[in-house]
Amino acid sequence: MFLLNAKLVGTATILAISLTAGSAFAQDDYENQLKARKGQFNLLALNVGVLGGMARGNVDYDAALAQAAAENIVAIAAINQMPLWPEGSDEMSIDDTRAKPEIWDNFSDFASKWAAVGTAAEGLPAAVGSGAEGIGPALGPLGGTCKDCHDTYRAPRN
Amino acid sequence: MHAGNKLVVAVIFFAAAALFTWQLMRPAPQEPGRFNDIGGDPVAGEAVFWAAGCASCHKAPGAEGEDALVLTGGQRLETPFGTFVVPNISTDPDAGIGRWNLEMFADAVTLGVSPRGEHYYPAFPYTSYALMTDTDVADLFAYMTTLPASKAENGVHELKFPYTFRPGLGLWKRVNGDPRFQGPKGTPEVERGRYLAEALAHCAECHTPRDFMGRLEKDVWMAGAPNPTGTGRIPNITPGTLRWTRGDIAYYLETGFTPDFDSAGGHMASVITNMQKLTAEDREAIAAYLMQLPSLP
């Protein structure tokens, strides 16, 4: 009797584990896409931070570093976003993202908001080369493009 | 006592109780003549408009730039009490508030009472605006009369029972208590920041948690709360937890960039759009005010 029970429990456990594992495989958690998305935004923040620090006077102006950061921002903004945002990789469907499902209701608007980052970044390399005072006014419109997209498509932190 | 007499007493008692309750629920307008000597300056009113964040909720969903000045309504605020559909407050005489006078506007903005004598739901932050000076109310009204008209019809709120019963808001207003400033007194700059943050920008409406009746929990002022209109949390912005410098806060309100150069998200992105239109001194004042708040975990 005891043996039978143990066997039953064992079978049930194996069944339960395989079912759980099965469902885990069935639902994509988009781990790689999230890593790529966060990576590009961290890279963007780091480079904007280099310029912002100089604009605020928190760090000394360094022409070569400012130039490098500005060119990096242009390059990051040129990354095509299509592969990074598969449908279903939103905050309602998976953990660890603040991407609102509204992105996929209007993906062309989302894409044009990213394109606006590129447009705002275009003038940066020329603007940051001649001193800290040129950085702030050039950075303002770029910050505006971050905000325009976040306003509609980014949820608060959990 | 005779049974018939008892019945009469009971009827009188319940009638009196009902009348008393009805009185408690009745909307009370401004005292007449309060705004008789105040002109209203539309130029000064524009600054009040941005500080008070009117467009963030009353613009059309997703409207940007000049379009955000058409206060057509239509945004849906999904809250634990149900979904509020933001009304049209543009200058259209029929669909908007084009026929209102300053007294009606002041009743709405500072008391939450409509021209028809109904209570507004406190999703409209009149409990904060109640602290507004009469001059700012008049200036704001003068500015809003210069904005474009929209013919968009108002949507209908989709609320849960018992919140559908508007007269109940009269009781809610009573238990919510009289408006008063929460942050500490301080230098003129700190008090200017307190006025901007508490009376106009209504920061606490999202950054302070609410009790089961929807009242702000004033003993945990600005200590962060569940997002009132969606997922996630609105952060604690008391100095010990936020750990930003005063300069960090002012820069964030100007640019949307955090000290790590992350960029504001969600409704705060819209708030930054408003804060960018304030003077640098006013943003500094808000920062000074926040730095003076008691630190809460």
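By contact I mean heavy atoms within 4.5 Å. Helices (H or I, at least four residues) and strands (E, at least two) are DSSP runs, numbered from the N terminus.

This is a predicted model, in which local features need pLDDT of at least 70 and side-chain atom pairs count only at pLDDT 80 or more, while totals for chains, interfaces and linings use all residues. Residues are numbered from 1 along each chain as its sequence is written, chains are lettered from A and ligands numbered from 1 in the order in which they are written, and side-chain values use heavy atoms, with hydrogens and water left out.

I start inside chain A, with a helix pair. In α5(A), A:Asp109, A:Phe110, A:Lys113, A:Ala116, A:Val117, A:Ala120 and A:Ala121 meet a set from α7(A): A:Pro141, A:Leu142, A:Thr145, A:Asp148, A:Cys149, A:Thr152 and A:Tyr153. The residues of this contact divide into 9 nonpolar, 2 polar and 3 charged. Here Ala, Val, Leu, Ile, Met, Phe, Trp, Tyr, Cys and Pro count as nonpolar, Asp, Glu, Lys and Arg as charged, and the others, Gly among them, as polar.

How do the axes of α5(A) and α7(A) cross? They come within 8 Å and cross at roughly 170°. Axes are lines fitted to C-alpha atoms, for helices over the stretch in contact, with angles from 0 to 180 degrees between N-to-C directions. That crossing makes α5(A) roughly antiparallel to α7(A) (angles over 145 degrees).

Next, the interface. Chain A gives 22 residues to the contact and chain B gives 25. Between them the chains bury about 1,900 Å², 53% of it on carbon and sulfur atoms; buried area is the accessible area (1.4 Å probe) that two parts lose on being put together, summed over both.

The interface has 4 salt bridges, each a side-chain nitrogen of Lys or Arg within 4 Å of a carboxyl oxygen of Asp or Glu. In one salt bridge, A:Lys113 pairs with B:Glu64, with the closest N and O atoms 3.2 Å apart. On the side of chain A that touches chain B, α2 (31–56) and α7 (135–153) of chain A each supply at least two residues. The largest share, 7 residues, comes from α7(A).

Last, A:Asp96. A:Asp96 forms a salt bridge with A:Lys38, the closest N and O atoms being 3.4 Å apart. The two are 58 residues apart, A:Asp96 in the loop between α3 (63–77) and α4 (102–105) of chain A and A:Lys38 in helix α2 of chain A. A:Asp96 also has a positive phi of about 70°, although it is not a glycine.

How values were computed
Parallel < 35°, antiparallel > 145°, perpendicular 65-115°, else oblique.
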